[in-house]
Every structure is written in structure tokens, then in C-alpha cells.
Amino acid sequence: MDAEQLRENAHKMVDFIADYYKTIENFPVLSQVQPGYLRELLPDSAPTQPESLQHIFDDIQAKILPGVTHWQSPNYFAYYPSNSSIAGFLGEMLSAGLNIVGFSWITSPAATELEMIVLDWLAKLIKLPDDFLSTGQGGGVIQGTASEAVLVVVLAARDNFLRRVGKNALEKLVVYASDQTHSALQKACQIAGIHPENCRMLTTNSTTSYALSPIVLNEAISNDITSGLIPFFLCGTVGTTSSTAVDPLGELGKIAKNNGMWFHVDAAYAGSACICPEYRHYIDGVEEADSFNMNAHKWFLTNFDCSVLWIKDRTALIQSLSTSPEFLKNKASQANMVVDYKDWQIPLGRRFRSLKLWMVLRLYGLENLQSYIRNHITLAKNFEEFVTQDPRFEIVTPRIYSLVYAVNSTGKIFISHTVLSGTYILRFAVGAPLTEESHVNAAWKVLQDEASALLSTSLG
């Protein structure tokens, strides 16, 4: 690595990225290419001689960017937010520059200790119980995604139960969640060896705003116990991906406690909002949880990937995931003086991801982060008023699928859909860092235009 060559090329890359953000609204939000487009544009084999950075930039501009869906566009309203920011970008850049592999404390003490400190900071911002802080028996760890977070806690809960009831009881273990819970839970159960027929994705409906009903949960648990099965894991969600449902954590937590179950809270989507005091009540009851997860890379200005998992009893994770080959042994680890995050996750290696979160918290501060969240919520409420006041959207509802396709084909905005109680639903998720009131208004205009075109076609 030549320092001056790095300086020269890194400046060019920063300029390229800055220009991209400056012109991001010029791109179709949803990529308009066809499957296999890139194979026709790139050579069949790698070059034998080095090429210039400018040549690569030209290829990115002409061949790569047309195949990118622009998640950071202010006109991106699909799925869920995936935030980036200057602070997050700088932290990512520093992490890449240092390029440490921080699987244990000794491999880079600062990486482990900064992660512990920063996650304690964040836990205090959302007022998690002290049990989740690293100063006690628990603590936080950065996973790649919420899918990894739920997997490791399912494994920890499984092993915790099997140590008590015997390994042969695996086929009797039962998992509970609502049918709105992220599909990552089902994948985690598959990996953990939980029998598919023992995964209870309990039906929800509009009467509870698609939240999991404690009555339904209690009934399912009672039936399973009567059948000789063992309830062992419950997942509650704060902001389901499909319907943004918020499960009643307090009631669910008491049910889990009464039945000796592990209670995990997935707040990957909406957890960030809880830094605002007026939204903190959405995680009331978290004191009953064994583990809690939120994605800082969704709505907290921290570049992907940065999924934060807190756990009350770190020993449960370590007992499930720890390995200690001779070549990794060292005095600090053997004396239990330090945290080795390799024992809190699936992979061995890990990046210095806490730098991103540290920079976000320091460069923006709590007040600015709260304002950021509040602004998006205000914009979403404004959009809700547009929809409820326009009678055309009651008429066009049966043709929502056609409307979504037509809107996304314009390239002006990108939205996505779901199905709730058998009804096809349009989702409009406000949360991109660059989105302002003008973008929400313009998106509404696109929806109006395309809805009117659909109606005129059907009436014609």
C-alpha cells in the first residue's frame, strides 16, 4: 500500500461518490435493466494487465449504475429505510483503512472495547434496562443483520433448554411469533434444527393492527403443552416489515416468563424511533426480554451493515457459540478478563463496525438524531393525509398491483407492496436521509397521475 497512491485515488473515489449523491435524483430510482444485462457488457475473463482507475469509473457510470436501485435516493419509498450518512461513510472508510479482523480482544483491543462502550451508549439512549449493559452479565454486540441476531439467540435458547431437558427433546421444542414476524425467524429455526411443524406463526388481523394477540398466544402454548411439546422461544416485534405492527411486549413478556421461555424482541425496523421520548413507550415491557435487536443501518444514519443485539446473559451465547482452538488461545482470554466477540456470533472474523456508530453518535448528537426521526414521521403523516382525503384510492384499490407496477416503471419513485388479510396493500416507507417534503409531495403527484390513468383505462 503506497500512501501517496492511496491519497490520490481515494480523493478521486470520494469525488466520484460525492458527484453521485449530487446527481442521484437524475437516476431512475428502481433499476430498469433486464436480468442478465451485465454479462453482455463485461468481458468473459479478468484482465491480465492493470487498467486505469478512470477506465473503471467510466465502466461504473455506463454499466454498473444503470443496474443499481438507488436506496439512498430521496424518492426511495420501498421496503424500509437503509440509511447512509457522512458520519457513517467516514466510519466505514476508516474501518476499511485499518482493516482489522477483530475476532478476539487481543486482535485489536480498541475494536472490542469501543463496541462495548458505544453499544452501552445506545442502550442508554433508548433506555434499555441495565441488565443489557456490558457492565453487568449482559452486553451488546454488532451483528451483520437482524437475521444473524435472531439466529444466534435461537441457538442460545435451544441449547439452554436442551441442557435442562436433554438433547433428545429437540423434536419437542416449539417457537412462537406472529405471522407478521420477519421470515428470518423461520430460517433461523431451519438452521437450528427446530422442526418446521413446531414453528407457530400465529395469525393476526386488523382488530389488533396485526399485532400478536396474547390470548391467541396463550391458547397455542396451552395446546402444545397438553400435546407434550415444550414451548421455548417467543419473538415479539416492534415494527414488522410487512405491516409495521407493534406487538404488546409487556403482556407477551409475562407469558414467556410464566412458561420459562426465551423472549426475544425484534425492533430492527422501528427501534431507532425509541431515542425520542414520545416513542419510547413502544418498547415498554422490554424489561421482560432476554434479548433485544435494532438495526442502526435502517433508520439511524449508520451505513450497512450494523445490526445491534443486546442480551441479558452473555453466557448463554458464549456456551452455544464458543470455540477455543489452540492457535487462538491467549492470556487475556484464558483468564476471562476480556470479551471475545467471536463467541457471540456465527463467523470467526469481524470488521471494526463500531467506528460507524461511534461517528454517527458523535458527529450528529442525540438532538439531531431525534429531529431526523421526527421529521420522517411528520412526512409520513402528511402522506397519510393525502391518501385518506382522495376518494380515487378507494376506487383503484382492486388494481393496486397494476398501480405499483405503473408507478415503479416511471423511475420517478420506488414503492413496494404487501398482502394483509388477503388484500393487496401499497407500502410507502419514508426514511431515506435525503427525503424532504417536496419529495413526498412529488411522489403523491406520481401516484395521483398513475391512478387517474388506471381509472380512465378501466372506465374507457
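Aspartate 59 and lysine 63 are joined through their side chains by a salt bridge, with N and O 3.2 Å apart. A salt bridge here is a side-chain nitrogen of Lys or Arg within 4 Å of a carboxyl oxygen of Asp or Glu. Side chains of opposite charge can pair when their charged atoms come close. Both aspartate 59 and lysine 63 belong to helix H2 (residues 53-64), where four residues, about one turn of the helix, separate them. Helices (H or I, at least four residues) and strands (E, at least two) are DSSP runs, numbered from the N terminus.

Aspartate 59 counts as partly exposed because its relative accessibility is 22%. Buried means under 20% relative accessible area, exposed means over 50%, and partly exposed lies in between (1.4 Å probe, protein chains only).

## Basis of the model

The model is predicted: local features need pLDDT of at least 70 and side-chain atom pairs count only at pLDDT 80 or more, while totals for chains, interfaces and linings use all residues. Residues are numbered from 1 along each chain as its sequence is written, and side-chain values use heavy atoms, with hydrogens and water left out.

## Other salt bridges

The structure holds 16 salt bridges. One of them pairs arginine 374 with glutamate 278, whose closest N and O atoms are 2.6 Å apart. This pair links distant parts of the chain, 96 residues apart: arginine 374 lies in helix H12 (residues 354-388), and glutamate 278 in the loop between strand S5 (262-266) and strand S6 (291-295). Arginine 374 has a relative accessible area of 31% and is therefore partly exposed; glutamate 278, at 36%, is also partly exposed.

A further salt bridge connects the side chains of lysine 329 and glutamate 326 (3.3 Å, N to O). Lysine 329 is partly exposed, with a relative accessible area of 38%, whereas glutamate 326 is exposed, at 60%. Elsewhere, salt bridges with shared partners join Glu92, Asp305, Arg351, Arg353 and Lys356 into one network.

## The annotated lysine 298

In an unreviewed entry, UniProt lists Lys298 under "modified residue: N6-(pyridoxal phosphate)lysine". UniProt positions are given in the numbering used here, feature names are shortened, and annotations may be inferred rather than shown by experiment.

Lysine 298 lies in helix H9 (residues 296-299). Its relative accessibility is 9%, so lysine 298 counts as buried. Apart from neighbours within four places in sequence, lysine 298 is in contact with Tyr80, Pro81, Ser82, Asn83, Ala268 and Tyr269, contact meaning heavy atoms within 4.5 Å.
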